[in-house]
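Here is a friendly walk through the fold and the chain contact of this model. Please have your viewer open as you read.

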Amino acid sequence: MIVSVKNLVKRYGELVALDHLSIEIKEGEIFGLLGPNGSGKTTAINCILSLLNYDKGEIKLFDKPMAPDAYDIKRNIGVIMQDVAVFEELTVYENIDYFCGLYISDKATRKKLVEEAIDFVGLNEFRKFYPKKLSGGLLRRLNIACGIAHKPKLIILDEPTVAVDPQSRNNILAGIKKLNEEGATVIYTSHYMEEVEQLCSRIVIMDKGKVIAMGSKDELKAMIKLGEKIKVEVFDLSSSYLANIKQLPNINSVEYTENNLVIKYDKGKNNLNTLLDFFRDNEITYGRIYSELPTLNDVFLEITGKELRD
Amino acid sequence: MFWHIFSNRLKCIIRDKQLVFWTLVFPLILATLFSMTLINISKQEAFKSIDIAVVNNEAYQKDVGFKNFLTEASQGDNKLFNINLTTKEEAEKLLDNGKVEGYITVETQINLVVKNSGLNQTIIKSVLDEYNQTVSAVNSIVTDNPTALQNGLLEDVGKRIEFTKNIQAGTKEKPDSAVNYFYTLIAMACLYGSFFGLKEITDIQADLSKRAARLNVAPVHKLKVLVSGLCAGFAVLLLEISILLSYLVFAMKVDFGDQIGYILLTCFVGCATGISFGAIVSAIIKKREGVKTAILIGATMTACFLSGMMYGNMKYIVEKNVPILAYINPAALITDAFYALYYYDTPTRFFTNIGLLSGLTVIFCLVTYLIIRRQKYASI
């Protein structure tokens with residue numbers, strides 16, 4: 001295992017930030033930590049990195065106990081923090097060189113790695129720029145370059161796309177995939193379910209410091225009753241028709257507000273066909289139709305009773 | 001690794017314009033202002049002969065003693081009065097036009113006419129009062145004991161006997177107390193080095209900055225990073241203090257004595273104290289960087305005030321009333337070390353100051369180390 005966390009407990013006074021958290025991450029995975037703000041994702045990362053004291057539990061990285069002075073482990077880790085952590089007084093090149101130099105002492109090797117990192121994040125034309133001259137997206141890219149220049153085996157990214165424009169976000173996500181393809185194991189924390197769904201091979205959903213679900217995105221979606229959500233634009237649907245719709249097979253719930261009919265189905269097949277047959281048989285006029293498969297937000301909603309972005 | 005961190009920290013410090021302003025440019029500006037102000041004060045304090053008018057009437061011409069007295073007082077390099085012998089009407093006119101501070105008329109007694117009250121008027125009055133008292137005393141002695149005149153009364157009256165004696169403690173014939181202001185300025189610049197200490201601690205404590213968190217996950221011992229950073233800060237501060245010192249010595253002509261080795265030693269120890277002071281404040285106080293900077297500025301200015309930066313006698317007031325404060329105030333110790341080099345011919349007082357400063361520096365470093373050696377944090 002690249003990362004093994006067992007029964008990790010972290011308290012801030014009365015508040016339990018991590019409640020017996022246990023996760024295992026295999027080599028080559030992109031492992032997602034998904035949860036709302038305050039769910040304990042960053043605390044978990046900081047404990048894994050031995051930055052934070054914890055009350056109970058065991059943390060192993062590369063099958064060795066993690067400690068602040070475990071330099072042989074740290075040498076293989078790259079961290080991209082939630083906030084941009086670079087020196088305002090150093091240029092793009094100097095910043096990457098400085099942080100890379102904390103891992104790689106050989107100048108020639110370091111120069112090559114720094115050049116590769118600059119290429120990787122696409123900051124070639126900004127190499128002599130100071131951070132204050134960079135846009136938010138470029139700053140994030142610099143932040144990433146500082147964390148990955150030394151070619152770590154384990155890369156930890158803590159919400160790297162917060163406050164980033166869509167184009168930069170796509171670049172960052174593509175970059176993470178590329179790093180993974182090059183052999184790095186990735187831990188990715190976010191409260192954006194779309195990103196985690198798109199990127200991660202395995203996901204942990206956290207809430208109030210606890211793991212509430214873990215698995216691949218398909219496994220997670222299979223854990224809930226919701227199988228499909230159909231939205232139909234319907235004009236003048238009478239209450240008797242609504243009652244009849246509720247009697248259709250696999251129906252979990254029906255809502256009709258402002259000409260929009262939202263039907264949630266439990267697992268089952270041909271739900272849309274059955275519904276359209278019903279409309280045709282009863283000569284009900286309908287407009288646009290959308291069919292949605294469950295999202296991780298639905299998983300979170302069904303397990304916790306609240307939205308992921310609450 | 002040391003050189004990698006050292007060189008990058010050096011770049012960070014030198015390119016931090018705000019830091020360079022407060023630690024170098026500001027003391028240079030202050031030195032220039034001090035120089036201009038102290039020259040004006042010296043000019044104001046220099047005594048100028050007082051312009052007076054004396055009515056040249058018959059009574060004045062007959063009063064030979066008073067005439068001789070005024071003649072004495074208006075001769076020589078350090079003469080007290082510039083006398084204009086004139087008529088009463090002309091004297092009135094001169095007084096009205098502000099050409100003289102007052103005029104004297106001799107009638108049955110000596111009269112002084114002034115228009116305003118001030119230092120010069122007080123001096124004229126005091127001189128005339130003393131003359132009148134002396135004449136009155138001589139008259140009364142001669143009336144009671146006429147033989148006193150033969151026993152040298154007039155010679156005795158002319159003598160001034162001092163009952164106290166000045167003993168010189170130092171080597172300077174005319175010590176210039178104004179130099180102390182410049183010494184406090186160097187002390188201030190050294191203590192402004194605390195900003196370097198603050199910066200270094202902020203950048204290695206994961207609970208103080210995100211950069212430090214990134215550094216804490218790197219495979220480098222925190223102490224190594226701190227020592228490299230502090231060395232970079234120390235090098236820059238020492239250079240800045242050397243520039244300030246050169247400016248004071250060569251441009252402002254401030255006398256520091258001629259023991260160059262000891263002067264540099266004071267700068268060296270002063271810089272170390274300043275940086276370690278910033279480090280301990282930054283390590284102990286868990287507040288935002290801005291709050292810590294404000295605390296450092298406040299502490300530095302208070303320390304400089306107590307060592308006589310704004311009011312020269314404050315140093316002596318503190319030494320007399322709260323001597324312990326003079327021993328633990330780094331600004332007072334730096335100032336006094338320079339003053340000891342300037343004024344005293346034995347190094348005892350200088351080395352006492354250097355010893356105390358070194359002691360403070362060691363304490364600051366030890367406490368800082370004890371705080372920052374913790375490798376994990378309760379919260380970040």
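Among contacts in chain A between residues at least 6 apart in sequence, 68% link residues at least 24 apart; two residues are in contact if their C-beta atoms, placed from the backbone, lie within 7 Å. Please keep in mind that this is a predicted model, in which local features need pLDDT of at least 70, side-chain atom pairs count only at pLDDT 80 or more, and totals for chains, interfaces and linings use all residues. Residues are numbered from 1 along each chain as its sequence is written, while chains are lettered from A and ligands numbered from 1 in the order in which they are written.

The C-alpha trace of chain A spans about 80 × 45 × 35 Å along its principal axes. Of the 310 residues in chain A, 40% are buried; a residue is buried if 20 or more other C-beta atoms lie within 10 Å of its own, exposed if 12 or fewer, and partly exposed in between, with C-beta atoms placed from the backbone. Chain A holds 11 helices and 14 strands. Helices (H or I, at least four residues) and strands (E, at least two) are DSSP runs, numbered from the N terminus.

Two strands pair if DSSP finds at least two bridges between them.

| Strand | Partner | Sense | Bridges |
|---|---|---|---|
| E11(A), residues 226–234 | E13(A), residues 260–266 | antiparallel | 7 bridges |
| E11(A) | E14(A), residues 286–292 | antiparallel | 5 bridges |

To place these pairings on the screen, find Glu233(A), whose bridge partner in E13(A) is Asn260(A). Toward E14(A), Ile230(A) stands opposite Ser291(A).

Now for the place where the chains meet. Chain A gives 27 residues to the contact and chain B gives 24 residues. On the chain B side, helix H1 (2–14) and helix H10 (210–216) are the elements that give two or more residues. H10(B) supplies the largest share of that side, 6 residues. The chain B side divides into 12 nonpolar, 5 polar and 7 charged residues. Here Ala, Val, Leu, Ile, Met, Phe, Trp, Tyr, Cys and Pro count as nonpolar, Asp, Glu, Lys and Arg as charged, and the others, Gly among them, as polar.

Within chain B, the domain assignment gives domain 1 (2–37 + 176–372) and domain 2 (51–158); such bounds come from an automatic or database domain assignment. The centres of domain 1 and domain 2 of chain B, taken over C-alpha atoms, are 57 Å apart.
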